[in-house]
Amino acid sequence: DGGITQSPKYLFRKEGQNVTLSCEQNLNHDAMYWYRQDPGQGLRLIYYSQIVNDFQKGDIAEGYSVSREKKESFPLTVTSAQKNPTAFYLCASSWRNEAFFGQGTRLTVV
Amino acid sequence: KQEVTQIPAALSVPEGENLVLNCSFTDSAIYNLQWFRQDPGKGLTSLLLIQSSQREQTSGRLNASLDKSSGRSTLYIAASQPGDSATYLCAGDNTDKLIFGTGTRLQVFP
């Protein structure tokens, strides 16, 4: 089954902790993206990567970090510098201008 | 800065009605446009992609059109069904990233 797998589905973070969200794809896509979704708002771009070992900041990159060491993997770390991390996080990949999404990770600060 | 508006924000209709969802961009320089469906707590499912050389796409009861001169797209849903209940999002790209609207929340009741 080809697709994008995000894990975990639910994640709880204590104040001051860093947490890492996993995103894996077996679609052989070069481009991958991380979005954040808050209630009543559209998706906002955090980071994106067009190719292995390269990535760019999106509109709300502060407090987040990423790596792209392998084509199929694009993990997102939510650092303690992110003051309001509670949100739904979506990972996507794209090919020929069409984007495909994972099922999301809901992060909650406790 | 590109902004995307979706109208209406919410819609509740009886089963069987034909529907029109609207999406407009502040910057009409859109290359490709994609419509998505999102069920509560889930990721996005791609419905239709209108490539830069196209003006519309059809899939089953869905038809999407794009008017680049005005920066507007329309999603038509024919003969709506309760299973169509979801949030519908449009997204356009004019560089290497997608810009999303805030969505139209659709409820179709029997």
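## How to read the model

Residues are numbered from 1 along each chain as its sequence is written, while chains are lettered from A and ligands numbered from 1 in the order in which they are written. Because the model is predicted, local features need pLDDT of at least 70 and side-chain atom pairs count only at pLDDT 80 or more, whereas totals for chains, interfaces and linings use all residues; side-chain values use heavy atoms, with hydrogens and water left out.

## Where the two chains meet

Let's start at the interface. Chain A brings 22 residues to the contact and chain B brings 18 residues, with contact meaning heavy atoms within 4.5 Å. About 1,600 Å² is buried between chain A and chain B, and carbon and sulfur atoms give 49% of that area. Buried area here is the accessible area (1.4 Å probe) that two parts lose on being put together, summed over both. Leu43(A), Asn97(A) and Phe101(A) supply 27% of the area that chain A buries against chain B, more than any other three residues.

Seven residue pairs, both members at pLDDT 80 or more, are in polar contact between chain A and chain B. A polar contact is a pair of N or O atoms within 3.5 Å; within protein, one must be able to donate a hydrogen and the other to accept it, and residues adjacent in sequence count only if both atoms are side-chain atoms. On the side of chain A that touches chain B, the elements giving two or more residues are strands S4 (31–37), S5 (44–51), S9 (87–95) and S10 (98–101) of chain A. Strands (E, at least two residues) and helices (H or I, at least four) are DSSP runs, numbered from the N terminus. That side of chain A divides into nine nonpolar, eight polar and five charged residues. Ala, Val, Leu, Ile, Met, Phe, Trp, Tyr, Cys and Pro count as nonpolar, Asp, Glu, Lys and Arg as charged, and the others, Gly among them, as polar.

## The salt bridge across the interface

One salt bridge is counted between chain A and chain B, the term meaning a side-chain nitrogen of Lys or Arg within 4 Å of a carboxyl oxygen of Asp or Glu. Lys97(B) and Asp59(A) form this bridge, with their closest N and O atoms 3.9 Å apart. Lys97(B) lies in the loop between strand S9 (86–93) and strand S10 (98–100) of chain B, and Asp59(A) in the loop between S6 and strand S7 (64–66) of chain A, so the pair joins two chains.

Lys97(B) is partly exposed at a relative accessible area of 22%, and Asp59(A) is partly exposed at 49%. The classes are buried (under 20% relative accessible area), exposed (over 50%) and partly exposed in between (1.4 Å probe, protein chains only).

## Salt bridges within the chains

Over all chains, the count comes to six salt bridges. In chain A, the side chains of Asp38(A) and Arg44(A) meet at 2.8 Å, N to O. Asp38(A) is buried, with a relative accessible area of 10%, whereas Arg44(A) is partly exposed at 29%.

In chain B, Arg61(B) and Asp84(B) form a salt bridge at 2.9 Å, N to O. This pair links distant parts of the chain, 23 residues apart: Arg61(B) is in the loop between strand S6 (56–59) and strand S7 (62–67) of chain B, and Asp84(B) in the loop between S8 and S9 of chain B. Arg61(B) counts as partly exposed at 31% relative accessibility, while Asp84(B) is buried at 8%. Back in chain A, salt bridges that share partners join Arg36(A), Asp38(A) and Arg44(A) into one network.

Strand S1 (residues 4–7) of chain A has a covered face with Ile4(A) and Gln6(A), and an uncovered face with Thr5(A) and Ser7(A). S1(A) pairs with strand S3 (residues 19–25) of chain A in the antiparallel sense over four bridges; pairing requires at least two bridges found by DSSP. Thr5(A) stands opposite Glu24(A) in S3(A).

A cis peptide bond joins Ser7(A) and Pro8(A), with omega about -10°, and Pro8(A) sits in the loop between S1 and strand S2 (10–13) of chain A. In chain B, a cis peptide bond joins Ile7(B) and Pro8(B), with omega about 0°.

## Two asparagines with positive phi

Asn28(A) has a positive phi, near 65°, in the loop between S3 and S4 of chain A. Asn28(A) is exposed at 54% relative accessibility. Asn53(A) also has a positive phi, near 70°, and is exposed at 63%.
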